[in-house]
Amino acid sequence: MATSTASSSTAGTNPYQNLNQAGQATKANEDATSASNLQGQFLKMLLTQLQNQDPLNPMNSAETTSQMAQISTVSGIQQLNTTMTALSANMTAGYSYQATSLIGHSVLDSGSQLISDGKSQASFGVDIPVGTARMNIIIKDSNGVAVDAFSVDAPAPGNQQLMQWDGKDGDGNFLPAGKYSIATSMVGKDGTTQTGATYTFNQVASISFGANGVTLNLANGNQVPFTKITQVI
């Protein structure tokens with residue numbers, strides 16, 4: 001039977017958090033100083049112009065107002081950039097903090113290899129196209145021999161829909177613990193058939209922090225961006 005479960009995550013410790021926050025704070029201070037200097041230079045220049053203007057041909061007040069509006073806009077943009085930079089730093093620190101807690105847990109990753117413990121059901125995910133009338137699932141052993149098969153009528157469409165295999169053969173007996181593989185076919189309402197993408201759970205071995213964000217290094221050798229994780233057990 002097809003079932004769905006909610007994603008879960010826990011919190012850990014990010015060893016690079018203080019360093020990242022220190023760097024972001026320095027950048028924010030530099031931006032604030034730049035905006036302050038720009039305002040000071042503009043006001044000094046405006047005061048000099050006012051002091052040296054020709055009384056018979058004074059400065060155009062509309063032009064002065066326009067210049068002041070422009071400098072205010074530039075200052076506002078710099079302050080917004082500073083705020084957004086700080087917000088981004090906090091979000092990155094939060095992702096890193098959460099990601100470290102996933103070490104030892106299993107996450108859903110693209111693949112067809114399924115691990116069975118020989119005594120309980122195993123979970124996997126599959127993409128189900130809209131309009132699928134029947135989904136056929138075939139389980140094969142490490143030699144590529146089919147050991148079980150079942151179907152789901154009118155499955156709910158969606159990406160990475162969580163499914164369960166009971167770990168048994170067609171006679172209801174538990175199969176030996178080991179590696180198995182999943183093969184799927186989606187039969188549409190018009191009778192056409194297509195293969196569905198499959199996903200299996202793999203353990204997180206370590207975490208990497210880089211310019212592209214936080215990456216989970218899985219025990220099977222795959223690397224998955226933290227933001228792409230949808231299911232955790």
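**Close-up views of a predicted model**

**View 1. Asn220 lies in the loop between strand 10 (213-218) and strand 11 (223-225)**. Strands here are DSSP runs of E with at least two residues, and helices are runs of H or I with at least four, both numbered from the N terminus. The structure is a predicted model, in which local features need pLDDT of at least 70 and side-chain atom pairs count only at pLDDT 80 or more, while totals for chains, interfaces and linings use all residues. Residues are numbered from 1 along each chain as its sequence is written, and side-chain values use heavy atoms, with hydrogens and water left out. Asn220 is partly exposed, its relative accessible area being 39%; buried means under 20%, exposed over 50%, and partly exposed in between (1.4 Å probe, protein chains only). Leaving aside residues up to four places away in sequence, Asn220 touches Asp109 and Asn202, where contact means heavy atoms within 4.5 Å. Its side chain makes a polar contact with the side chain of Asn202 at 3.3 Å, and the side chain of Asn220 also reaches the backbone nitrogen of Asn222 at 3.0 Å. A polar contact is a pair of N or O atoms within 3.5 Å; within protein, one must be able to donate a hydrogen and the other to accept it, and residues adjacent in sequence count only if both atoms are side-chain atoms.

View 2. Asp109 is buried yet has no salt bridge, and the nearest side chain of opposite charge, that of Lys228, is 12 Å away. Lys and Arg count as positive and Asp and Glu as negative, whereas His and the chain ends are not counted; a salt bridge needs a side-chain nitrogen of Lys or Arg within 4 Å of a carboxyl oxygen of Asp or Glu. The side chain of Asp109 does make a polar contact, at 2.8 Å, with the side chain of Asn222. Beyond four places in sequence, the residues that Asp109 touches include Tyr199, Thr200, Leu218 and Asn220.

**View 3. Strand 3 and the strands that it joins**. Strand 3 runs antiparallel to strand 6, with 6 bridges between them, and Ile128 stands opposite Gly158 in strand 6. Strand 3 is also antiparallel to strand 9 (residues 198-210), to which 3 bridges join it, and here Phe124 stands opposite Thr200. Two strands pair if DSSP finds at least two bridges between them.

**View 4. The largest nonpolar core, of 16 residues**. Such a core is a set of buried Ala, Val, Leu, Ile, Met, Phe, Trp, Tyr and Cys residues joined through side-chain atoms within 4.5 Å. Phe124, Met135, Ile137 and Trp165 touch the most other members. Strand 3 (122-128), strand 4 (132-140), strand 5 (146-153), strand 6 (158-165) and strand 7 (178-188) each supply at least two residues of this core, and strand 3 gives the largest share, with 4 residues. Apart from this core lies another, of 12 residues, among them Leu102, Val107, Val204 and Ile229.

**View 5. The hairpin of strand 4 and strand 5**. These two strands pair in the antiparallel sense over 7 bridges, and Arg134 stands opposite Asp153 in strand 5. The hairpin has 5 residues between its strands, and Gly144 takes a positive phi near 85°.
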